[in-house]
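Q: Before we start, please show me the model. I want to learn how to read its accessibility and its side-chain links.

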Amino acid sequence: MPDDSRAARARQRTGTGIGLLLALVLGAALIIALPDDESRDDGACRARTVDSWQADDGLTAEFARYGDDASRSDDWTGGDGTHSLRLPDGRVLWLFSDTFLGRVYGPPNPAGESHAWRDTAEPLVRNSAVLMRDGRLETTLPAPLFADPAPNQWRWPVAARVEPRSPGSSEQVVRVLLWVRTAGQAPWIFGVPTATEVATLSLPALRLESIVKVLDQQLVPDPSRRVLFGTTLVEEDGWTYVFGGDDGQAASRPASHAYLARVREGRLGDPAAWRYWNGSAWTAAARPRPVLGDGQRKGVGSAFSVVRDGGTYVLFTMATGTKGLTTVASYWACSPAGPWHGPAKEFSPSLPQGQVAAYNPQVHPVLSGDGRLVLSYDVNWLETTGAAAQLSRNVSLYRPRFVSLRLAPAR
């Protein structure tokens, strides 16, 4: 996920899967109509930008506490790709991509440094899920939650929602968007975009019931033009709007493009129900056009997040160019399909010492309120030599950090 070639090289050595990047879609066939842009812009939409922000030390410390707990040897001790979902019983489900399990030991580490550490032989899995109750992390579900689909392929969970099992049903389930990636050669050292899937989990047990392939990208010959959907989603008027993007940065572009699909509530797991925005209409077969990104000054990083603030949609992403290692930018729009305006005011959250980068800014509405947005960002080591050892000799590096921010009218 870091927006820099050094980050990709670091991932190659760590095997910790930076990616959370995105896929390109096939198709034709026109369906439905306009993006509801003008109809929603009724005066409630206002230009928005970040007004202020501060570190959320409490949430960051809670993940450190849970990761450092040595009472179990099969639970989460670090991960990236941080997404959250409020369950009907009040628990919060946290989904992660590449994850370290195992046991953490208190400082000093074997090098004599004052860091908690784990043995380098501890297992790494491609995804995990952790449950929180009343603000306290309690348990790690058996990991990986989503098994590899084939040799040299893996699944990364991204956005999720609770929805009816089918339209109109009183029974609810959890739908989780999954990115399938396949091992590849440079520049695809974090994996070649392969497919978007949707998993269904039962409630309240969170038992995996099924995984359905929504969009297969293997027939798109240029990997940089493939789109994976699910980096973020928003719900409105009976629709789930699902954002995705391409792997533009692997193709040496400073910024990737954002794309949009939508699905009727209760049908996320039905590939026939998906509609893709092609610039003027929603189409049943996927040939989408970007809703954001010029490949240069404007665009998204390898993962981004969208939240609705009143009548305004706000998108958070790592900035373009070299700032993408440290700085979060934002855009705003009156419709999920845009037009998107920005980038607006940027901010740089704190990072630990060393060759590290921030990536994957994700808003967590389940923890937000009273005008305050909670946003997480992941951290990883960038040195191309000894990166795996560095993540184990200082376990605090490969864990989410949190900030609280407030939005205000853009000037």
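A: Start with exposure: buried means under 20% relative accessible area, exposed over 50%, partly exposed in between (1.4 Å probe, protein chains only). Arg-225 counts as exposed, at 51% relative accessibility. This is a predicted model, so local features need pLDDT of at least 70, side-chain atom pairs count only at pLDDT 80 or more, and totals for chains, interfaces and linings use all residues. Residues are numbered from 1 along each chain as its sequence is written, and side-chain values use heavy atoms, with hydrogens and water left out.

Q: Which residue forms a salt bridge with Arg-225?
A: Side chains of opposite charge can pair when their charged atoms come close. The cut-off is a side-chain nitrogen of Lys or Arg within 4 Å of a carboxyl oxygen of Asp or Glu. Here the partner is Asp-222, with the closest N and O atoms 3.8 Å apart. Asp-222 is partly exposed, at 30%.

Q: How many salt bridges does a search of the whole structure find?
A: It finds 22. One of them pairs Asp-309 with Arg-48 at 2.8 Å, N to O. Asp-309 is in strand E21 and Arg-48 in strand E2, so the pair ties together parts 261 residues apart in sequence. Strands (E, at least two residues) and helices (H or I, at least four) are DSSP runs, numbered from the N terminus. Arg-48 is buried, at 16%.

Q: Which cysteines does a disulfide join?
A: A disulfide is a pair of cysteine sulfur atoms within 2.5 Å. Cys-45 and Cys-334 are joined, S to S 2.0 Å. They sit 289 residues apart. Both are buried. The link is left-handed, with -85° about the S-S bond.
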